[in-house]
Amino acid sequence: MENLKLALLGFGNAGQAFCRLLLDKQDEIRDTYRTDVSVTVIATASKGNIYDPAGVDLAAALADIEKNGKFSEKHKLIAMSTMELAENADYDVLVEMTPLNIFTGQPATDHIRAAFARKKHAITANKGPVAWFFRELSQAARDAGVCFFYETTVMDGTPVFNLTEHTLKMAKVTEVSGILNSTTNFILEGLALGIDYDDIMERGRKMGFIEADPAMDIEGFDAAAKITALLNVLMDAGITPDQVKRKGIEDITVKDIKDAASRGKVIKLLCKGVRNEDGSVEATVSPVEVSRDDILAGINSTTSIVSITTDLMKKISIIEHEPEIEQTAYGVFGDLLRVLDAVSVRP
Ligand SMILES: NC(=O)c1ccc[n+]([C@@H]2O[C@H](COP(=O)([O-])OP(=O)(O)OC[C@H]3O[C@@H](n4cnc5c(N)ncnc54)[C@H](OP(=O)(O)O)[C@@H]3O)[C@@H](O)[C@H]2O)c1
């Protein structure tokens, strides 16, 4: 293959950061894989859709968005919907970067189904498909003989799935736990430091990771989707986010936090999955008190941690320290390199 064609579904923070990284690394990819990577599709909700089988001018597309917030007429704009592009456009790899629908995993899952039906590879940064339909999608990818990668869905580009797949071979995962939601972690830390709730929220919004409506984070829905994705991949759990026993931090008061501190404890929103004796996997998200000298107590701000326990390697922990959007971009980029590893003949 001399040119790998990408269809980018979603061109928001993650999509644009990925394109900047792709532009930076184009020459290195060509030298390493003897393959060009071009983008033939960019689909958005409101900025316009571009379809150019000869390759979109990415620098111009990024400049358009920065300057005008939408794509200009110099691109090949098309009236086809995202789904029509997934079903009909010329591409080799579909890159799913549309927003998460935490309750359905759609329409991202249908985009990926469409790619697999055409024997195209798929990469997703959107955790919905992995949380809701992992078994079906991974089987469909195997049937089609194509790649399905999703490293970015939990802890951005931090190698959680890759690490386990490649370096913990034949080790059986028996438990997964972690602090996976930045918003709740940031709020709990701020409250423990005595900062006013509204000030915490304002700072988090300025830093760009607290949503206008943070209910999905505060009530533990986002954490539930993340632990579901982890358990589906690492433990073949076959569960969906609505099966997680979920409690968010909405009822945690400053008094709770102070009382915990007086006992030498810190409150954290912990995600956990364990295998029951009958083989099923039980997932929980709930606030827990951890000892101040526990590694979890030091996971603050936007830092996150996942601990993986296996029969052969006991418990190992991976920490992602205060990620930025570039780490999200690297997650997608790393998955792209894995597709290139699979399809190209390296010199
Ligand atoms: N941001 C992160 O650090 C991060 C980290 C890990 C995973 N992720 C995941 O990556 C995905 C993208 O995140 P983001 O931060 O880039 O979100 P974002 O900034 O909100 O961008 C989402 C993009 O998707 C587009 N879009 C919405 N519905 C669409 C549809 N039906 N078809 C095509 N495009 C559609 C939006 O169009 P408009 O531009 O017109 O609104 C926008 O370009 C999400 O699933 C997120 O959970 C993000």
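Let's start with α7 (residues 182–192) and α8 (residues 197–207), whose axes come within 10 Å and cross at roughly 140 degrees. Axes here are lines fitted to C-alpha atoms, for helices over the stretch in contact, with angles running from 0 to 180 degrees between N-to-C directions. Helices (H or I, at least four residues) and strands (E, at least two) are DSSP runs, numbered from the N terminus. The two helices are therefore oblique to each other (under 35 degrees is roughly parallel, over 145 roughly antiparallel, 65 to 115 roughly perpendicular, and the rest oblique).

On the α7 side, Thr 183, Phe 186, Ile 187, Gly 190 and Leu 191 make the contact, and they meet Tyr 197, Ile 200 and Gly 204 of α8. Contact means that C-beta atoms, placed from the backbone, lie within 7 Å.

## About the model

This is a predicted model: local features need pLDDT of at least 70, side-chain atom pairs count only at pLDDT 80 or more, and totals for chains, interfaces and linings use all residues. Residue numbers run from 1 along each chain as its sequence is written.

## The sheet

Six strands line up as β3-β2-β1-β4-β5-β6 in an open sheet with mixed pairing; strands pair if DSSP finds at least two bridges between them. At the edges sit β3 (50–51) and β6 (148–149), each pairing on one side only.

Strand β2 (residues 36–43) runs antiparallel to β3, paired over two bridges. Ile 42 stands opposite Ile 50 in β3.

## The domains

The domain assignment gives domain 1 (3–157 + 326–343) and domain 2 (166–322), with bounds from an automatic or database assignment. Their centres, over C-alpha atoms, are 28 Å apart. Between them, 11 residues of domain 1 touch 17 of domain 2.

Conventions: Two residues are in contact if their C-beta atoms, placed from the backbone, lie within 7 Å.
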